[in-house]
Amino acid sequence: MLPGSAAQAGGAGMFVPAATTGTVLCCMCGVSMQPNPANMCARCLRARVDITEGVPRHAAVVYCPDCSSYLQPPRSWLRAGPESPELMQILLRRINRPLARLRVSLSGAEFVFSEPHSKRLRLKLRLRREVLHGIVLEQTHPVEFVVHDRLCDSCSRAQANPDQWVAVVQLRQHVPHRRTFLYLEQLLLKHGQAALAIRVAAAPGGLDFFFSSRSHAARLVDFLATVAPVQTQTAKQLVSHDTKSNVYNYKHTFSVEICPICREDLIALSPQASRDLGGLGPLVLCVKVTNAIALLDPLTLRVRHLEEKKYRVYNFKAALTSKQLVEYIVLDIEQESPEISIDGSRYQLAYAQVARVSDFGKNDTMFTVRTHLGHLLNPGDHALGYDLYGANLNDDDMDTAMMRHSLPEVILVKKSYEKKPRTRRWKLKRLPVEEDGANKAKGEEEKRLDEYEAFLKDLEQNPELRFKINLYKNEDYRSEMASTIGDDVPTVPIEELIEDLTLGDDEEDEGDEAVEGNSGAGMVE
């Protein structure tokens with residue numbers, strides 16, 4: 001078919017003319033263009049109409065440098081990060097009233113990079129407004145906000161008097177280690193529950209969180225009840241009162257005690273507790289601690305969950321803790337049953353022949369035990385377990401269990417890996433905890449470093465623990481360091497790591513102006 005000829009309708013024998021787009025001349029400059037209600041080209045329309053007239057180009061915002069929050073008039077302070085959606089919402093509220101008065105609608109907004117020390121925040125807005133005869137004109141408009149530093153009310157009180165707190169949460173756990181607090185610290189950082197605390201101070205057996213509002217402290221207590229088995233008690237002390245206005249000022253104290261049972265603890269259940277739990281035990285291992293305690297019978301692979309209220313009925317203690325683990329070497333192993341999964345964890349019953357590493361080569365003392373680690377252990381591996389054969393126990397329930405039952409000589413808990421120090425490709429964030437150096441015991445710092453290293457190893461070996469916290473990439477890590485790590489040593493996959501926040505340059509600005517028509521008039525170019 002020749003160009004410009006009519007198209008033949010299929011099967012009808014009729015010809016339909018091809019649709020063509022007509023053009024007109026601009027009424028101002030005579031340029032050929034597509035028709036629109038104003039009969040003006042885009043250049044002439046922009047030269048005669050400015051939809052940004054009256055829209056402010058400069059504004060101010062108040063920022064608290066201590067808590068990284070912005071003032072939302074009249075008295076509200078909202079926390080927002082750099083170039084975050086929350087900060088965008090705060091800035092747009094400052095110019096919404098002029099836009100509504102001028103009947104200009106906002107179709108888009110984005111941040112423009114500015115130096116952090118310049119105390120300037122720049123936005124590029126895309127504004128739309130209906131102009132001549134229904135034509136909709138869209139145009140970009142820059143706005144610069146000057147940041148004024150000023151302390152918010154709570155930070156002002158804290159600066160004037162650091163002890164001027166309203167509520168305190170005293171978190172305690174009566175155990176000889178800090179593994180629970182290291183894990184709770186990462187949960188608090190991930191969910192931002194301690195961000196409103198004025199300060200966090202270390203205390204014997206736990207941490208103290210100081211808040212400027214009772215509601216902030218109550219929110220932290222509610223969060224702790226969802227992630228750990230806790231018992232809470234509250235108290236308040238009258239600070240001052242005004243009899244004329246009937247205003248009373250109190251200081252509130254929340255005493256939160258965490259259950260003294262930790263993961264990997266060995267527990268000897270009393271006969272009453274064993275019967276109530278369906279004949280579990282009497283020796284059980286704590287394999288998981290959330291708002292309930294998961295108890296595993298390593299000889300039968302039965303698991304029972306005990307909530308905090310139910311635990312307070314029996315109130316049992318740990319017969320042996322992770323501090324008393326003994327290292328064994330596996331001489332032989334024979335699987336007894338297939339591998340099974342319980343609550344997301346894998347177990348397999350097996351018979352293992354083990355010997356203490358301290359006795360290896362000195363005597364022929366060996367133990368044949370039943371273990372739940374048949375899927376992990378191989379001959380030649382090392383494992384950590386509790387030595388019931390040579391342990392000096394001071395537990396009434398353990399003595400009762402020994403008289404009524406034939407207990408194993410060794411309870412294996414977990415597989416042990418090499419202890420060579422190494423640099424990890426990941427790191428954790430820490431809470432800014434105030435330490436009292438005057439009351440710190442000798443060797444306390446070395447003890448805390450050892451506990452923190454053991455916590456990092458637990459994260460590497462247990463993916464379920466890593467699932468609930470944030471791990472960040474270590475910028476100081478070099479790939480050559482990976483060659484020094486053994487093949488069987490568990491590591492954290494790089495897919496689970498999060499990069500720290502870094503501010504980069506924005507993309508280049510787009511075109512400055514665009515004109516478009518409404519649905520009835522079409523687009524003006």
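Glu-264 sits in the loop between E15 and strand E16 (266-268). Helices (H or I, at least four residues) and strands (E, at least two) are DSSP runs, numbered from the N terminus. The model is predicted: local features need pLDDT of at least 70, side-chain atom pairs count only at pLDDT 80 or more, and totals for chains, interfaces and linings use all residues. Residues are numbered from 1 along each chain as its sequence is written, and side-chain values use heavy atoms, with hydrogens and water left out.

Glu-264 is not a glycine, yet its phi is positive, about 80°. Its relative accessibility is 7%, so Glu-264 counts as buried. Buried means under 20% relative accessible area, exposed over 50%, and partly exposed in between (1.4 Å probe, protein chains only). Leu-301 also has a positive phi, of about 65°, although it is not a glycine. The loop between strand E18 (292-297) and strand E19 (302-307) holds Leu-301. Leu-301 is buried, with a relative accessible area of 9%. Most residues other than glycine have a negative phi, and most peptide bonds are trans.

Cis peptide bonds were found as well. One joins Pro-73 and Pro-74, with omega about 10°. Pro-74 belongs to the loop between strand E6 (69-72) and strand E7 (76-79). Another joins Gly-281 and Pro-282, with omega about 15°. Pro-282 lies in the loop between helix H7 (271-276) and E17.

Rolling a probe the size of a water molecule over the atoms shows where empty space is left. On a 1 Å grid over the protein atoms alone, a cavity is a set of points where a 1.4 Å probe fits but cannot get out, whereas a pocket is an open set with protein on both sides within 12 Å along at least five of seven lines; lining residues have an atom within 4 Å of a point. Grid points are joined across faces, edges and corners, and a volume is the space filled by probe spheres set on the points. The second largest pocket holds about 1100 Å³ of space. Its lining has 43 residues, and the closest to its centre are Arg-263, Val-287, Ser-345, Gln-461 and Asn-462. Elements that give two or more residues to this lining include helix H5 (179-191), strand E17 (283-289) and helix H10 (444-461). E17 gives the most, with 5 residues. The lining divides into 21 nonpolar, 9 polar and 13 charged residues. Here Ala, Val, Leu, Ile, Met, Phe, Trp, Tyr, Cys and Pro count as nonpolar, Asp, Glu, Lys and Arg as charged, and the others, Gly among them, as polar.

A nonpolar core was also examined. The term means a set of buried Ala, Val, Leu, Ile, Met, Phe, Trp, Tyr and Cys residues joined through side-chain atoms within 4.5 Å. The largest such core has 39 residues. Val-169, Leu-171, Leu-188, Phe-209, Trp-426 and Leu-428 touch the most other members. Elements that give two or more residues to this core include E11, H5, E13 and helix H6 (214-227). H6 provides the largest share, 7 residues. In soluble globular proteins, nonpolar side chains tend to be buried together.

Aromatic rings were then compared. Rings of Phe, Tyr and Trp (its six-membered ring) pair if their centres lie within 6.5 Å; planes under 30 degrees apart count as stacked, over 60 as edge-to-face and the rest as tilted. The count comes to 5 aromatic pairs. Trp-165 and Phe-210 form a tilted pair, 5.5 Å centre to centre with 55° between the planes. Trp-165 lies in the loop between helix H4 (153-160) and strand E11 (167-172) and Phe-210 in strand E13 (residues 206-211), so the pair ties together parts that are 45 residues apart in sequence. Trp-165 is buried at 17% relative accessible area, and Phe-210 is buried at 9%. Tyr-248 and Tyr-250 form a stacked pair, 6.4 Å centre to centre with 20° between the planes. Tyr-248 is partly exposed at 41% relative accessible area, and Tyr-250 is partly exposed at 29%.

Charges also sit over rings. The rule requires NZ of Lys or CZ of Arg within 6 Å of the ring centre and within 35 degrees of the ring normal. Arg-199 lies over the face of Phe-210, at 4.1 Å from the ring centre. The charged end of Lys-236 lies over the ring of Tyr-250, 4.5 Å from its centre.
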